[in-house]
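Here is a short briefing for a reader who is new to this structure. Please look at the model first.

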Amino acid sequence: MDETEFWELVDSTREAAERDPDDHAELLVERLVQLDPDPVLDFARHFEARYNRADTWDLRAAAAILLGTTADEVFDYFRCWLIGQGREVFEGAVHDPEVLAELLEDFDPSVDGDGEEIGFVADEAYEALTGVETPDLGLATPPPEPRGTPLDLDDDEALAERLPRLWDRFGG
């Protein structure tokens with residue numbers, strides 16, 4: 001599975017799930033178990049590489065604005081959700097989180113921003129296909145700290161200064 005196929009699978013299942021992350025995860029698993037184990041591992045590698053790429057201070061700030069919390073676990077699930085939004089939203093947000101102010105039609109923190117289940121779809125599908133856990137994916141270990149310039153995620157002024165458009169639309 002190449003990168004284009006990865007994103008096509010994410011997009012087609014997201015559209016069918018009608019924005020529900022749990023339904024999205026179920027549909028992804030259903031599609032992945034129709035494949036051989038090797039493409040499922042490819043999907044897992046694509047997912048994990050993007051998940052690691054999204055660990056930036058600016059995306060942590062965006063998650064804090066959108067979700068009102070700075071908990072690490074919440075940010076982990078936010079990154080999974082962000083990947084689930086598709087290539088345009090993901091790549092735009094990784095390049096400049098401010099674009100989320102335009103790319104997100106609306107954002108309801110009680111429904112949006114939590115893609116925990118999406119983060120486990122490849123593992124679930126691989127285990128269903130093989131009866132064993134997903135092996136090591138052979139990816140580089142992610143850096144211990146987020147990329148970019150650190151900021152105090154609990155400081156509303158710092159968040160508003162770092163991502164003013166996103167703050168104006170979703171902050172406070």
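Which residues does Pro 135 touch, not counting residues up to four places away in sequence? Pro 135 touches Leu 41 and Tyr 126, where contact means heavy atoms within 4.5 Å. This is a predicted model, in which local features need pLDDT of at least 70 and side-chain atom pairs pLDDT 80 or more, while totals for chains, interfaces and linings use all residues. Residues are numbered from 1 along each chain as its sequence is written, and side-chain values use heavy atoms, without hydrogens and water.

**Pro 135**
- Pro 135 is found in the loop between helix H8 (121-130) and helix H9 (156-162); helices are DSSP runs (H or I, at least four residues), numbered from the N terminus.
- The C-alpha atoms of Pro 135 and Leu 41 are separated by 8.5 Å, and the two residues are 94 apart along the chain.
- Pro 135 is partly exposed at 37% relative accessible area (buried is under 20%, exposed over 50%, partly exposed in between, with a 1.4 Å probe and protein chains only).

**Salt bridges**
- The whole structure has 12 salt bridges, each a side-chain nitrogen of Lys or Arg within 4 Å of a carboxyl oxygen of Asp or Glu.
- One of them joins Arg 19 and Asp 112, with the closest N and O atoms 2.6 Å apart.
- This pair links distant parts of the chain, 93 residues apart.
- Arg 19 is partly exposed at 43%, whereas Asp 112 is buried at 3%.
- Arg 79 and Asp 76 also meet in a salt bridge, at 2.8 Å from N to O.
- Arg 79 and Asp 76 are three residues apart in helix H5 (residues 72-84), so about one helical turn separates them.

Notes:
Helix = DSSP H or I, 4+ residues; strand = E, 2+ residues; numbered from the N terminus.
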